[in-house]
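Please look over the structure shown below before reading on. The briefing that follows takes up helix packing, then the domains, and then some details of the backbone.

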Amino acid sequence: MASITFDKVTKLFPGTDKPAVQTLDLHIEDGEFLVLVGPSGCGKSTSLRMLAGLEDVDDGRILIGDDDVTDVDPKDRDIAMVFQNYALYPHMSVAENMGFALKLAGVPKTDIADRVAEAARILDLGDYLDRKPKALSGGQRQRVAMGRAIVRSPRVFLMDEPLSNLDAKLRVATRTQIASLQARLGTTTVYVTHDQVEAMTMGDRVAVLRGGVLQQCAAPRELYDAPANRFVAGFMGSPAMNLVSVPVVDGGVSLAGLVVPATRDAVGARDTVVVGVRPEHIEVRPLDSADGIEATVDVIEELGSEAHVFAHVIAPDGARIDVVARADASAPPRKGDRVRLLPDTSRAHLFEDSESGVRL
């Protein structure tokens, strides 16, 4: 096991003007489970592939432990990678797939058998060792791919969206298994996903990338409660945080006529800022309530345990503001209903009304 360090790493693909990854500075502790998350094209898979040695580094360096592996061949980095598409050999049995890398390394057959058996026990694959991949379900194939990585006992596990080919129910079960397995083995793991729910539920820390630039790296709760900028605030959380550009007024900022308290030190000399409120921090009240902002319900998403209310508000200047709130699932409003939305202003976030969107 070992720590991982990206030291100002940059990757620029030929024919492009903008780096796929730009001066990435990131340290991953020994034994840590770190998730790289972001939208398509943000540089997360490129970062992982540079760590694996599958992409060259144009500038900066990568360290595994104290070893600079920037120019080291992939086979000499002591890493094991789990791919999105399993990458199993169809003509080999489960046992042969899991032990193939050890066979190539010249490990004795008895040792291979012992390590494959132990990995199969950990992953509950003991009954499938003689089967071919075509006789397995998607979840079982992914566990075989995990087993192939485990038997090598590498310093680092790399996982590139390993659950994206699984159905929704199986994804939930498998991500729990992966997180539990990593905690048990204690192997440093870098996990790439575009799914922020996976990131929040699996990682010790989550690194959010956008356009090849690291936006924030923190524990899931910190990312959720104290996002560094507007992009992180909107990306982490489902449904996404409500983000609205609003004018600065005496005592705070005006959200459709409702004043959200803010100090002059917070807003500075700005005329406008972006206010952010998460759906669970907006209370849905009847129209005849004394407090709140009048809104019209557009869509209701009933999820059983909760209901998401998609509504719109007409601001004093006539602008339409779309809002998502979380309602009591036992008595949600109906489409077309007029209601009042009361945000918890003590839980609101303020960001610069600019491209950077830095948290104020």
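Helix 2 passes helix 3 in a right-handed crossing, and this is one of the helix pairs described here for what is a predicted model. Two packed helices are described by the angle between their axes and the distance between the axes, and the points on helix packing below give both values for each pair.

**Helix 2 with helix 3**
- Helix 2 and helix 3, the latter made of residues 109-122, pack at an angle of about 135 degrees, and their axes are 10 Å apart.
- On the side of helix 2 the residues involved are Ala95, Met98, Gly99, Leu102 and Lys103, and they meet Ile112, Arg115, Val116, Ala119 and Ala120 in helix 3.
- Sorted by class, the contact between helix 2 and helix 3 contains 7 nonpolar, 1 polar and 2 charged residues.

**Helix 2 with helix 4**
- Helix 2 (residues 94-104) also packs with helix 4, where the two axes come within 7 Å and cross at roughly 35 degrees.
- The crossing in which helix 2 passes helix 4 is right-handed.
- Val94, Asn97 and Met98 of helix 2 make this contact together with Val144, Gly147 and Arg148 of helix 4.
- The contact of helix 2 with helix 4 is made up, by class, of 3 nonpolar, 2 polar and 1 charged residues.

**Helix 4 with helix 5**
- The axes of helix 4 (residues 138-150) and helix 5 (residues 168-185) come within 11 Å, and they cross at roughly 15 degrees.
- Because angles under 35 degrees count as roughly parallel, helix 4 is described as roughly parallel to helix 5.
- Helix 4 passes helix 5 in a right-handed crossing.
- Helix 4 contributes Gly138, Gly139, Arg143, Met146 and Ile150 to the contact, while helix 5 contributes Leu170, Gln177, Ile178, Leu181 and Leu185.
- The residues in the contact of helix 4 with helix 5 divide into 6 nonpolar, 3 polar and 1 charged.

**The two domains**
- The chain is divided into domain 1, which covers residues 4-235, and domain 2, which covers residues 242-352.
- The C-alpha centres of domain 1 and domain 2 lie 39 Å apart, and 8 residues of domain 1 are in contact with 7 residues of domain 2.
- About 670 Å² of area is buried between domain 1 and domain 2, and carbon and sulfur atoms give 57% of that area.
- Within domain 1, the residues that lose the most area to domain 2 are Tyr224, Arg230 and Ala233, which together account for 73% of what that side buries.

**Backbone details**
- Most residues other than glycine have a negative phi, and most peptide bonds are trans.
- Ser238 and Pro239 are joined by a cis peptide bond, with omega at about -5 degrees, and Pro239 is found in the loop between helix 8 (230-235) and strand 11 (242-249).
- Glu161 has a positive phi of about 45 degrees although it is not a glycine, and Glu161 lies in the loop between strand 7 (156-160) and helix 5.

Definitions and conventions. Residues are numbered from 1 along each chain as its sequence is written. This is a predicted model: local features need pLDDT of at least 70, side-chain atom pairs count only at pLDDT 80 or more; totals for chains, interfaces and linings use all residues. Side-chain values use heavy atoms; hydrogens and water are left out. Axes are lines fitted to C-alpha atoms, for helices over the stretch in contact, and angles run from 0 to 180 degrees between N-to-C directions. Helices (H or I, at least four residues) and strands (E, at least two) are DSSP runs, numbered from the N terminus. Angles under 35 degrees count as roughly parallel, over 145 as roughly antiparallel, 65 to 115 as roughly perpendicular and the rest as oblique. A crossing is left-handed if the near helix is turned anticlockwise from the far one by less than a right angle, and right-handed if clockwise. Contact means heavy atoms within 4.5 Å. Ala, Val, Leu, Ile, Met, Phe, Trp, Tyr, Cys and Pro count as nonpolar, Asp, Glu, Lys and Arg as charged, and the others, Gly among them, as polar. Domain bounds come from an automatic or database domain assignment. Buried area is the accessible area (1.4 Å probe) that two parts lose on being put together, summed over both.
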